[in-house]
Amino acid sequence: MKLEDLNLQALLSSSPEDGSIHFAGSRALILDALALGLLRRELVDTLGWAGAKAVLSRFGYAHGWQTAATMKDALPWEERDDWRKAGAELHRIQGMVSPRIEPWTGPEPEPFAHSTWQHSYEAEQHLAHLGTATEPVCWTLTGFASGYLSYVNGTRVDGIEVACRACGDETCRFVAKPRPQWQGADLSEIQLRYDQDGLHASLTSAGKALRGLQQQLTEHRLLLGSDL
C-alpha cells in the first residue's frame, strides 16, 4: 500500500456477529467527541490544569506509540517510509484533526517536524466546555504525534503546540524535535507532561489543592453552624 491510498475503508472492519469494530486489526470504538470533551472538563475539575494536561498528553503518547506499532505490519506497505509518514494521515482519517505540513519560516533551525492543524476536535471541545484558554490545549493530539514519531524513528521525539485555536489563534500549530534539542522552558514543559516525576508533581499539586478546598469547605460549614 502507498500512503496516498490510505483510507478509512482499508482500515476499518466490523463483525456483525459480536458487534465489534476493528481499525487496522485492533479493536476500536466509535466515541462521540462530546464525551471526550466532558471527560476533559472532569479531569480539569478533579486534577487541576497541570494534572489534566499531563494525563491527557501521556494518554495521547501511548495511543500514538501503539498505533505506530500496529500500523507497521497491519498493511502491506510498498515503502517503509510511507508507514513512517502515516501518522498525520491517521489523524485525518480518524476525524481528530486535519494536518498540513508547512514550510519552516522561523528564525531557529528547522525542527524535526512542523505542521498546522485545522479543525482540531480538541480545541473545539475545550472551547465548548472550558472556554478560551491562555495556552495551547491540544494535549492528546500533541501526545499522539509525539508517540508515533518516537516509535517510527526509534528515538524519543517530543512535540509541543505553539499556537492553538482555543487561545484565539487562526489555526493550531505543532513543532517536534528529538528530546536533546529542547531547552529551557520548553524542555521543562515536556518533562512535566511526559516524565513520571512530572506527572507525580502535577497530581501531588492537584491533591494539595483539593485538600485545601476541602478544608475551606469544612471551616465554612463550621462557621455557618456557629451562626445558627
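In this predicted model, the axes of helix H2 (residues 33-74) and helix H6 (residues 184-194) come within 7 Å of each other and cross at roughly 80°. Axes here are lines fitted to C-alpha atoms, for helices over the stretch in contact, with angles running from 0 to 180 degrees between N-to-C directions. Helices (H or I, at least four residues) and strands (E, at least two) are DSSP runs, numbered from the N terminus. H2 and H6 are therefore roughly perpendicular, a label for angles of 65 to 115 degrees.

On the H2 side, the meeting involves Lys53, Ala54, Ser57, Arg58 and Tyr61, and on the H6 side Glu189, Leu192, Arg193 and Tyr194; contact means heavy atoms within 4.5 Å. Sorted by class, that makes four nonpolar, one polar and four charged residues. Ala, Val, Leu, Ile, Met, Phe, Trp, Tyr, Cys and Pro count as nonpolar, Asp, Glu, Lys and Arg as charged, and the others, Gly among them, as polar.

Lys53, in H2, is buried at a relative accessible area of 8% (buried is under 20%, exposed over 50%, partly exposed in between, with a 1.4 Å probe and protein chains only). The Lys53 side chain makes a polar contact of 3.0 Å with that of Glu189. Such a contact is a pair of N or O atoms within 3.5 Å; within protein, one must be able to donate a hydrogen and the other to accept it, and residues adjacent in sequence count only if both atoms are side-chain atoms. Setting aside neighbours within four places in sequence, Lys53 touches Glu135, Trp139, Glu189 and Arg193.

Turning to the nonpolar cores, these are sets of buried Ala, Val, Leu, Ile, Met, Phe, Trp, Tyr and Cys residues joined through side-chain atoms within 4.5 Å. The largest has 23 residues, of which Trp117, Cys138, Leu141 and Cys164 touch the most other members. At least two residues of this core come from each of H2, strand E5 (113-118), helix H4 (121-130), helix H5 (139-153) and strand E7 (172-178). Another core, of 16 residues, lies apart from it and includes Phe23, Met71, Trp77 and Phe144.

Glu89 sits in helix H3 (residues 80-93) and is partly exposed, at 22% relative accessible area. Beyond its neighbours within four places in sequence, Glu89 is in contact with Leu3 and Leu6.

Residues are numbered from 1 along each chain as its sequence is written, and side-chain values use heavy atoms, leaving out hydrogens and water. Local features need pLDDT of at least 70 and side-chain atom pairs count only at pLDDT 80 or more, whereas totals for chains, interfaces and linings use all residues.

Notes
Parallel < 35°, antiparallel > 145°, perpendicular 65-115°, else oblique.
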